[in-house]
Amino acid sequence: MSEPQHWWHNATVYQIYPRSFSDSNGDGIGDIPGIIGKLDYLQQLGIGVIWLSPIFVSPMDDNGYDIADYQAIAPEFGTLADFDRLVAEAKARGIGILLDLVVKHTSDEHRWFVDARSSRTSRYRDFYVWRDPAPGGGRPNGIQSTFGGPAWTLDEATGQYYFHQFARKQPDLNWANPELRAEIYRMMNWWLGRGIAGFRMDVINLIAKEPDRGITADGPRLHEYIQEMHRETFGGRDLLTVGESWTATPETALLYSGRDRHELSMVFQFEHVMQQWHEIWGKWQPKPFDLVAFKRVVNRWQYGLVEDGWNSLFWGNHDLPRAVSKYGNDKRFRVESAKMLATVLHLLKGTPYVYQGEEIGMTNVPFTSIDQYRDIETLNMHRLHVEAGLPEADFIRGANANGRDNSRTPMQWSAAPHGGFTIGTPWIEANPNFSTINVEASLTDEASILGHYRKLITLRKELPVIVHGRYRSFLDDHPACIAYTRTLGDQVVAVVANFSAEPVTLEVPEALQGSGDCLVSNDQPVRSLGGMVRLAPFEAFAILRAR
Ligand code: TEU
Ligand code: CA
């Protein structure tokens, strides 16, 4: 049995979107004291790490992913003293805090940018990416921003364009500038000195770019920068550092997270998510879930990182729809399918992430009007798509299927108004199903989704085979089922799941057959697999047996 080499190999991460988690003072916005009040709940769930979405001073155009001061807490979230208390209280419960490091861009209200745009000779000018207008006038080139519209905005006063891959209020930092990099490292070390467990790194693949050559991601100097960051900040500390990248492949994941690379602990990549998007219209035109294609992606990653590298395992986050609505069934089989999804994900190799509310099976929103949305991406895209002729109702359908606000409605704590999230008026409406789907109801229900998550999180801490076991997949072409084994020493874990709302009778491949203990199940316990098995809708189980 090999022991975990790092503490984060067998830990589960829980993501908190502070704005929507728990409001302690009734202003309708979640806050740090609210989070502290829920630490006992998180400790009982068994998680080892909290990833906090950004809590820094910000105009909140992108809910904090537009930072105006890296070293101050947004007043609506609390104070630095609150934050220090959070770190200490979490540590006392065996939980580490990850800060969300958004260093690809700042807010345009950051003092660096305010100074930079004041004059071409500002000492901060080169912290950002400025270009002259094209020879005939107009934008330097046609690069488009992720939130819609051009990625270049003219600064009238100084007559140059600045580059922004997201909103105009999120100017890109110029990582080619060594002084900028030194400032960032100083800031990171300041936070590390306050006892945090690591960083989640927003769009790390986009820090290195060469917009003149049309290179907007994975620029040639990317890994040089990350290695430098490692030397200047993480070196010598056993941190969890996770880099978000929408362009990572199993091959580049080895660069980010390979054992001897001295870069990051793991990548957080989206290939399994994007596989569900329309080729041209992307997320606003959802495709039906294709399990076979999905399994191909999972296999590529599980086999690709078999010897080296480390991956994050997740169904959802603050940019994605709710897992049970997207991949399961949020109506008749909500409980069964949420447990099935958790089973399949948590027994893979990698570090599992639970997005707030996933553990009680929170669902997508039933919004009917654009006025109910708050997300900058959704609102921008609405304007652009409807202007381009997409019927309003179609857009709303797309937004309710894949929009980011699905995961940003208030955490549902109880059947009290607004799900017990606030005693005031929440900044975004609660999903009306809080009256039945909430933490309080889950805590008193033996068979809850929450209990199932707790079991899976505990199993990972107890069984090295779940952490390090070799992965092998079965039934790759089966349209409704997933099956895989994990093997370490003389132990085998066999996982079988039905992804459909219909019962399925499976012919069980020989290497999957055998008897042992049922580790986890969302139906009757299954201890033995013979030549044939009949699975109920969304049934999933795992058997631990001797090899
Ligand atoms: O997300 C990166 C990113 O690429 C997403 O914005 C993605 O394109 C979009 O959600 C899918 O439609 C990170 C953060 O997670 C996100 O919340 C921020 O808005 C973004 O960076 C900018 O900081
Ligand atoms: Ca508040």
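# A walk through a predicted protein model

Tyr70 lies in strand 4, residues 69-73. Helices (H or I, at least four residues) and strands (E, at least two) are DSSP runs, numbered from the N terminus. Tyr70 is buried, with a relative accessible area of 5%. Buried means under 20% relative accessible area, exposed means over 50%, and partly exposed is in between, with a 1.4 Å probe and protein chains only.

The side chain of Tyr70 also reaches the backbone oxygen of His105, at 3.3 Å. This is a polar contact, meaning a pair of N or O atoms within 3.5 Å; within protein, one must be able to donate a hydrogen and the other to accept it, and residues adjacent in sequence count only if both atoms are side-chain atoms. For a sense of scale, Tyr70 and Met274 are 204 residues apart in sequence and 31 Å apart in space, C-alpha to C-alpha.

A word on how to read all this: the model is predicted, local features need pLDDT of at least 70, side-chain atom pairs count only at pLDDT 80 or more, and totals for chains, interfaces and linings use all residues. Residues are numbered from 1 along each chain as its sequence is written, chains are lettered from A and ligands numbered from 1 in the order in which they are written, and side-chain values use heavy atoms, with hydrogens and water left out.

Now step back to the whole protein. Its secondary structure comes to 16 helices and 22 strands. The radius of gyration is 23 Å, close to the 24 Å that the globule rule gives for 547 residues, so the protein is as compact as a globular protein of that length. That radius is taken over C-alpha atoms, and the globule rule is 2.2 Å times the number of residues to the power 0.38. Along its principal axes, the C-alpha trace spans about 75 × 50 × 50 Å.

Of the 547 residues, 61% are buried. Among contacts with a separation of 6 or more, 70% are accounted for by residues 24 or more positions apart. The accessible surface comes to about 20600 Å², and 50% of it belongs to carbon and sulfur atoms; such areas come from the Shrake-Rupley method with a 1.4 Å probe, and for residues only the protein chains shown count as cover. As for charge, there are 54 positive and 67 negative side chains, and the centres of the two sets lie 2 Å apart. Lys and Arg count as positive and Asp and Glu as negative, while His and the chain ends are not counted. The place of a charge is taken as NZ of Lys, CZ of Arg, CG of Asp or CD of Glu.

Next, visit helix 13. Its buried residues include Phe395, Ile396, Gly398, Ala399, Asn400 and Asn402. The buried residues of this helix pack against helix 10 (323-327) and helix 12 (376-387).

In the loop between helix 13 (392-402) and helix 14 (439-443) you will find Asn406. Asn406 is buried, at a relative accessible area of 1%. Its side chain reaches the backbone nitrogen of Val365 at 2.9 Å and the backbone oxygen of Ala399 at 3.1 Å. Beyond four places in sequence, the residues that Asn406 touches include Pro321, Arg322, Thr363 and Asn364.

Moving on, Ser448 sits in the loop between helix 14 and helix 15 (449-462). Ser448 is buried too, with a relative accessible area of 6%. A polar atom of its side chain lies 3.0 Å from the backbone nitrogen of Gly451.

Two loops show a backbone feature worth a look. Most residues other than glycine have a negative phi. Val203, in the loop between strand 9 (198-201) and helix 6 (222-234), has a positive phi near 30°. Leu475 is found between strand 14 (470-474) and strand 15 (481-488), and its phi is positive as well, at about 55°.

Our last stop is Ala511, in the loop between strand 17 (504-507) and strand 18 (514-515). Ala511 counts as partly exposed, at 36% relative accessibility. Leaving aside neighbours within four places in sequence, Ala511 is in contact with Arg472, Phe474, Thr485 and Arg545.

Note on methods. Contact = heavy atoms within 4.5 Å.
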